[in-house]
Amino acid sequence: QVQLLESGGGVVQAGGSLRLSCAASGRTSSDYVMAWFRQAPGNEREFVRGVQLNTGATYSADSVKGRFTTRRDVAKKTLYLQINSLKPEDTAVYYCAAVLVPPAQRGRTWNDPGAYDYWGQGTQVTVSS
């Protein structure tokens, strides 16, 4: 079992920045992947960025390239999501997810929520205009 704990959400003005953290605990694997998704009210859960923790291989949604970056701390099993130039449309609950093998090994894609077995409780990000 893997447990995920997110932190760092809050209320930010448009144009500001925020850093979210996701710390994994429990039994991970050498190939495990952590990812960030977000879900705005009335919308489906949307993939943001994913990282294979040990190799650093990264996938990013086209919609957030350039504004969203990730940093990994392998020793701490932590994935950070840095969000810059925040827009009101970034308002959502941000979820951390993890899977013990890369999604492709299970016939899935990185942006598929069904590829991930473990989820955090979510952290709210609200961007005011």
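The questions below ask how some descriptions of this predicted model are reached.

The model is predicted, so local features need pLDDT of at least 70 and side-chain atom pairs count only at pLDDT 80 or more, while totals for chains, interfaces and linings use all residues. Residues are numbered from 1 along each chain as its sequence is written, and side-chain values use heavy atoms, with hydrogens and water left out.

Q: Why is Asn43 called partly exposed?
A: Asn43 has a relative accessibility of 47%; buried means under 20% relative accessible area, exposed means over 50%, and partly exposed is in between (1.4 Å probe, protein chains only), so Asn43 counts as partly exposed.

Q: Where does Asn43 lie?
A: Asn43 is in the loop between strand S4 (33-39) and strand S5 (46-52), where strands are DSSP runs (E, at least two residues) numbered from the N terminus.

Q: What makes S1 and strand S3 a pair?
A: Two strands pair if DSSP finds at least two bridges between them, and S1 and S3 (residues 18-26) have six bridges in the antiparallel sense. In S3, Cys22 stands opposite Glu6, and Ser21 stands opposite Ser7.

Q: Why do strand S1 and strand S7 stand at the edges?
A: The open sheet of four strands has the order S1-S3-S8-S7, with antiparallel pairing. Strand S1 (2-7) and strand S7 (68-73) each have a single partner strand, so one side of each is left without a neighbour in the sheet.
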